[in-house]
Amino acid sequence: METRIIVSAVIKHKKKYLIAKRASSKKFAPNKWEFISGFVDTSETAEKIILRELKEELSINGKIINTAESYSMTDKEGRWIIIPYLIEVGNSDFTINKKDHSEAKWVELKDLLKYKDIQKDVVEMKKRGMF
């Protein structure tokens, strides 16, 4: 089993959170809903990586307002160690990079658990005070 380390962004604007559906061409979790994330695979800090991912995948800038203890999950693709960040953005505008995602939307906290693909993440992040 392979282990990968990723950073994950809980992007908040007012009382909504941004989730995105991964493109069908993605190697890992194609067509699955997610919080924006990126691999920790460079010499950059985790904080720089997640802020860069926001720019690359959605053309947005944000400010890290909280982080929490990492957690892990295992699926058919391997073990994932996730470092979560709560990131606030100044407005709700974004532009999807179609290489990464097919769609994205703002969702209220009460509706996040309706998305099966992110339920485990939501539970783990709630335990850590991210919401």
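A nonpolar core is a set of buried Ala, Val, Leu, Ile, Met, Phe, Trp, Tyr and Cys residues joined through side-chain atoms within 4.5 Å. Buried means under 20% relative accessible area, exposed means over 50%, and partly exposed lies in between, with a 1.4 Å probe and protein chains only. Keep those two in mind.

Now, what are we looking at? This is a predicted model, where local features need pLDDT of at least 70, side-chain atom pairs count only at pLDDT 80 or more, and totals for chains, interfaces and linings use all residues. Residues are numbered from 1 along each chain as its sequence is written, and side-chain values use heavy atoms, with hydrogens and water left out.

The overall fold, then. The chain has two helices and eight strands. Both kinds are DSSP runs, numbered from the N terminus: helices are H or I with at least four residues, strands are E with at least two. In sequence order the pattern reads β-β-β-β-α-β-β-β-β-α. The radius of gyration is 13 Å, close to the 14 Å from the globule rule for 131 residues, so the chain is as compact as a globular protein of that length. That radius is taken over C-alpha atoms, and the rule is 2.2 Å times the number of residues to the power 0.38. Along the principal axes, the C-alpha atoms fill a box of roughly 40 × 35 × 30 Å.

How much of the chain is buried? Of the 131 residues, 40% count as buried. Next, contacts, meaning heavy atoms within 4.5 Å. Take those between residues at least 6 apart in sequence: 66% of them join residues at least 24 apart.

Back to the core. The largest one has 19 residues. Which of them touch the most other members? They are Val 10, Ile 19, Phe 35, Leu 112, Tyr 115, Ile 118 and Met 125. E1, E2, strand E7 (78-88) and helix H2 (119-127) each supply at least two residues of this core. E7 gives the most, with three. There is also a second, separate core of 17 residues, including Ala 9, Ile 11, Ile 49 and Leu 54.

Look at Tyr 115 from the largest core. Beyond four places in sequence, Tyr 115 touches Ile 19, Trp 33, Lys 105 and Val 107.

Ser 8 sits in strand E1 (residues 3-13). Ser 8 counts as buried because its relative accessibility is 4%. Leaving out residues up to four places away, its contacts include Phe 35, Ile 50, Tyr 85 and Met 125.

Lys 21 is in strand E2 (residues 16-22). With 23% relative accessibility, Lys 21 counts as partly exposed. Lys 21 and Ile 36 are 15 residues apart in sequence, and their C-alpha atoms are 9.3 Å apart in space.

Last stop: backbone angles. Most residues other than glycine have a negative phi. Where is Lys 14? In the loop between E1 and E2. At 67% relative accessibility, Lys 14 counts as exposed.

Ser 59 also has a positive phi, about 55°, although it is not a glycine. Ser 59 lies in the loop between helix H1 (46-58) and strand E5 (63-67). Its relative accessibility is 53%, so Ser 59 counts as exposed.
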